[in-house]
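Dear colleague,

Please find the structure below, handed over for your review.

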Amino acid sequence: MRKVTIFLGMLVLLCYTSCESKKHEKKDETKYLVSSPIQKDTSITKDYVCQIHSIRHIELRALEKGYLKHIYVDEGQFVKKGQQMFHIMPNVYQADLQKAKAEAEVAEIEFKNTQLLADGNVVSSNELAMAKAEFDRAKAEVALAETHLCFTDIRAPFDGIMDHLEAREGSLLDEGELLTTLSDNSKMWVYFNVPEAEYLDYITSAKKDKKQEVELLMANNKKFNQPGVVETIEGEFNNETGNIAFRATFDNPDRILRHGETGSILMTVPLKNVLLIPQKATFEVLDKKYVFVIDKDDKVRQREVTIGAELQHLFVVEKGLSKDDKVLLEGIRMVKNGEKIHYVFEKPDKILTSLDLYAE
C-alpha cells in the first residue's frame, strides 16, 4: 500500500512539473507587438463655445412724447427697410407745424416789404438784414416742426426681424421709451474665446493672404449649413481668463440663426512636428496616462506621458517619449513592470495605416 502511495505521489508531481514546464515554455514563446512614436505634421479640430450675434441689432425707441396710435407690425415679423412700424399721435406736432408755417409766411411778407423800402432808400440796410434774419429763423422753425412730425412715424432703418413688443397701442410714451428691437440676420457675427497659447499657435501658422475657415455646431448638435471665416481678433486679452475673443462671420440666407443663440465653433488647428502614438498603447492609473517602454534589456518599463491632443485612434504626446523609444502596443494587461519579453517590432507608418488615420 505504501509503494502504491509513493508511486501516485511521484506521478502527480511529474504531471505538475510537466504542466508548469509547458506553461513557462508557452509564455516564453509569446511575442508582443512593439513600435515607435511617429513624428509628423498633422491637424486637430478644436471646439470653442460661442455666442451668436446679428450683424446689426438695434433698439427702436420713441423719439417723441405722445400716445402710441398704431402698431403696423407683429412680433417676429420680417420687415423691409423704410416700412412703417409705429405711429405716435401727431396732433400736437401737426399744430406746431401749421403755426411755424404761418409765422414763416408773415416773416416772408415783412422781408419782401422791407426789401422794397430798402430799394427806395426808405429803410436802412440793417433793417433789411434784420428782416432777412427773421425770415430765415421762421423757415428753420418750419423745418424743425416738420422733423418732429416725422418722428411720429417710426420706420425700419434696414431689413430685419423684429423682437418683442415693449408697448401696446394706446400707451403713453415718454421720449426715448423702448418699443422693440430689430435684428439684421442676413449675416451673423459669432464670438468665441481662444486661450493665449492656442492664439499664438494660430497667429504664427495662419496664412496671411487667406482667412481661416471654421464651422458652426448648433445647439441641436448639427452643423450649420454655411461655412464661416475668422475676420477679426480683438486687441486685448482678458486678464482674468487669459483668453482673447475671435469673431467669425457666417452668411445666413435662410435666416436659421437668430441673435442670442449659442453653439460651438469648430476650427482646424495645425500641429507641426508632433509625436503620435496609438491610443491603445496607453493605460490609466489615477487619472494619469502611462505606456510600457521596452528598454535595452528587452524589459518593459512603465512611463508616464503627457497628452497634448486627441485624434482619431491617436494621441499627441507632449512629454514622456522620444521618437526612438519602443512602445508596447498589445498585451498591456498581460505584462508586468520590469518583466522581460519577446517582441516583434513593426514600423510606425504601417501601424498608422492600420489605424485608419486621418492625418496630413
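Asp287 lies in the loop that joins β14 (282-285) to β15 (288-294); helices (H or I, at least four residues) and strands (E, at least two) are DSSP runs, numbered from the N terminus. Please note that this is a predicted model, in which local features need pLDDT of at least 70 and side-chain atom pairs count only at pLDDT 80 or more, while totals for chains, interfaces and linings use all residues. Residues are numbered from 1 along each chain as its sequence is written, and side-chain values use heavy atoms, with hydrogens and water left out.

The phi of Asp287 is positive, near 65°, in a residue other than glycine. Asp287 counts as exposed because its relative accessibility is 76%; buried means under 20% relative accessible area, exposed over 50%, and partly exposed in between (1.4 Å probe, protein chains only). His313, in the loop between β16 (300-311) and β17 (314-319), also has a positive phi, of about 75°, although it is not a glycine. With 35% relative accessibility, His313 counts as partly exposed. For context, most residues other than glycine have a negative phi.

Asp74 is partly exposed, because its relative accessibility is 47%. Asp74 and Met162 are 88 residues apart in sequence, yet their C-alpha atoms are 7.8 Å apart in space.

Finally, the second largest pocket has a volume of about 170 Å³. A pocket, on a 1 Å grid over the protein atoms alone, is an open set of points where a 1.4 Å probe fits, with protein on both sides within 12 Å along at least five of seven lines; lining residues have an atom within 4 Å of a point. Of the 14 lining residues, Ile44, Lys46, Asp201, Leu271 and Gly308 are the closest to the centre of the pocket. Strand β13 gives the most to this lining as well, with 4 residues.

Yours sincerely

Note on methods:
Points joined across faces, edges and corners; volume = space filled by probe spheres on them.
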